[in-house]
Amino acid sequence: QIIFMTDGEVENTKEILININKLNNLNGIDKYNKKISIFTFGVGQDGNDSGWIKDVNHSFLKSLAVNNNGFYKRIKQSNTDSKLSEYFSILSNPTLTNIKINYNNKNIQDLTETSFNTLYSGNDLIITGKI
């Protein structure tokens, strides 16, 4: 796992995402995981007004996490200690790992993802399809 925390913005987000996508490939190295999971945390202003939207690059952090088997969370500066402790506790104790769902029914179509790296307590695993 990689835990990435920032309180700012970066300029070259597209280039960073492309490079990480190229480099974060465990094929041939790890038979269970395709990528190293990246979890991102944006530490921002305490308020709930529109100012928090501009304090960190939320879309970049979300893309970085979602494209690398992780999740993104925004954390208010005043809650940093308690929230990070809470999330680190969750990340250090996965509920299930190397998840693969197989269906014997040949009539199932249009399945979404059926392989998952890790499921953490409090998170959902959702699979949809058509019977």
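This is a predicted model: local features need pLDDT of at least 70, side-chain atom pairs count only at pLDDT 80 or more; totals for chains, interfaces and linings use all residues.
1. Start with the largest pocket, which has a volume of about 780 Å³. It has 26 lining residues, and the ones closest to its centre are Asn69, Ser115, Phe116, Asn117 and Thr118. If you want to find the spot on screen, those five names are a handy way in.

2. Which strand gives the most to the lining of the largest pocket? That would be β5, with six residues. Strands β3 (72–76) and β4 (94–100) join β5 (115–120) in supplying at least two residues each.

3. The structure holds one cavity of 30 Å³ or more, and the largest cavity comes to about 40 Å³. Two elements, β1 (2–6) and α2 (58–66), each give two or more residues to its lining.

4. Around that cavity you'll find Phe4, Thr6, Gly8, Glu9, Val10, Asn57, Phe60 and Leu61. Sorted by class, the lining of the largest cavity has four nonpolar residues, three polar and one charged.

5. Where does Ile36 lie? Look in the loop between α1 (13–23) and β2 (38–44). Ile36 counts as partly exposed because its relative accessibility is 35%, which falls between the cut-offs of 20% for buried and 50% for exposed.

Conventions:
Residues are numbered from 1 along each chain as its sequence is written. Side-chain values use heavy atoms; hydrogens and water are left out. On a 1 Å grid over the protein atoms alone, a cavity is a set of points where a 1.4 Å probe fits but cannot get out, and a pocket is an open set with protein on both sides within 12 Å along at least five of seven lines; lining residues have an atom within 4 Å of a point. Grid points are joined across faces, edges and corners, and a volume is the space filled by probe spheres set on the points. Helices (H or I, at least four residues) and strands (E, at least two) are DSSP runs, numbered from the N terminus. Buried means under 20% relative accessible area, exposed over 50%, partly exposed in between (1.4 Å probe, protein chains only). Ala, Val, Leu, Ile, Met, Phe, Trp, Tyr, Cys and Pro count as nonpolar, Asp, Glu, Lys and Arg as charged, and the others, Gly among them, as polar.
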